Amino acid sequence: MEQPNLEYINRLARGDESIKKELINIIKTEFPEEKKEYYASIESGVFKRIEENVHRLKHKISILGLVKSYEIANEFETNLRKLDLNGQEDFEKILRLITQYIKTI
Amino acid sequence: MKCIIIDDEKTARVILKTLCNEIKSLNVLEDFPDAIQAIKYLNKNQVDLIFLDIHMPDFNGLDFIRSLKNPPKIILITSDPNFALEAFEYDFIIDYLLKPLEFNRFKKAIEKASLKELSAISTKINTSINTEIENDFYISIDRRLIKIDLPSIYLIEAKGDYIKIKTESKDYIVHSTLKKIEEKLPDALFLKIHRSFIINIKKIIDIEDNSVLIKKDVIPVSRSKRPELMKRLDLL
């Protein structure tokens, strides 16, 4: 499985450590909140809310350089619009992967 | 360009601010996590450019666009280009950028916005010039300012320290010089045909040798001014 990385953040920061640090800190704060909201929406079974949560999480996936995972999230989001939960398991694997990764940065 | 950022995701707002800081012409005034707060801000403040996330909960970017009365330029930020299609019905939408944002693509969008800004300024200047041509001007007579409709003037004659302005309805004597008034008159309508006369070329009835007939006035045309006069007339 592909691994998250900081290539995008490094490119954006252009060597400015303070920008890099700020972005990492925001991701470390925002990602767990968004993940929590996602699981709450899964519990409630409201597809529109799940779709919104996935959409927001998708951006974090792309920022962390997870190209294939981004496609998986895209497909899951499309399925959710059709009230179909297909892709949930793979999507949640990505969430677990990121959860582990952000502990290391 | 004064700009604001609207995106429900803090990461996205910080990324946008970082990119904006790289471009000198951009001045980020505020950033908002939702469109409602931005609308309140825009009711009191003017901006040149908005970076707008389309996909936001409750009141999304498209709802926001529809709510604007005098929209500034907008650059859409989205993860899904399909969402941007509808927004392109609006001519104030400059571009859309896909997340995650990359600097080079971002810079191109800003260049587009700057071009649009220049084009808007140019249109404004042209409109202002055209308006000036169609507009009136004021003359001061006996401490009164009297509005004169420019196209109604058919002749202006120098009379020592004064000028006589002849209009369709009335004549006015004003303390001024032909040179001063000539500067205020639109070239498209008026021509100095003699050191003592400026005429409205649209009011010429006929031209004979070295004179023109305007209303009932026969006005001499200087030899040096004749070529210019002939050039300005629509000759068959």
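Strand 1 (residues 2-6) and strand 3 (residues 49-53) of chain B run parallel, joined by 4 bridges. Helices (H or I, at least four residues) and strands (E, at least two) are DSSP runs here, numbered from the N terminus, and two strands count as paired if DSSP finds at least two bridges between them. Across this pair, I5(B) sits opposite F51(B) of strand 3. The model is a predicted one: local features need pLDDT of at least 70 and side-chain atom pairs pLDDT 80 or more, while totals for chains, interfaces and linings use all residues. Residues are numbered from 1 along each chain as its sequence is written, with chains lettered from A and ligands numbered from 1 in the order in which they are written.

Zooming out, chain B holds an open sheet of 5 strands in the order 2-1-3-4-5, with parallel pairing. Strand 2 (27-32) and strand 5 (93-98) of chain B are its edges, each pairing on one side only.

Further along chain B there is an antiparallel pair, strand 14 (residues 211-214) with strand 15 (residues 217-220), over 4 bridges. These two strands make a hairpin with 2 residues between them, and K215(B) in the turn has a positive phi of about 55°. I214(B) has D217(B) of strand 15 as its bridge partner.

As for the interface, 16 residues of chain A are in contact with 12 residues of chain B, contact being C-beta atoms, placed from the backbone, within 7 Å. On the chain A side, helix 1 (7-13), helix 2 (17-44) and helix 3 (47-63) each give two or more residues. Helix 3 of chain A gives the most, with 8 residues.

How values were computed. Two residues are in contact if their C-beta atoms, placed from the backbone, lie within 7 Å.
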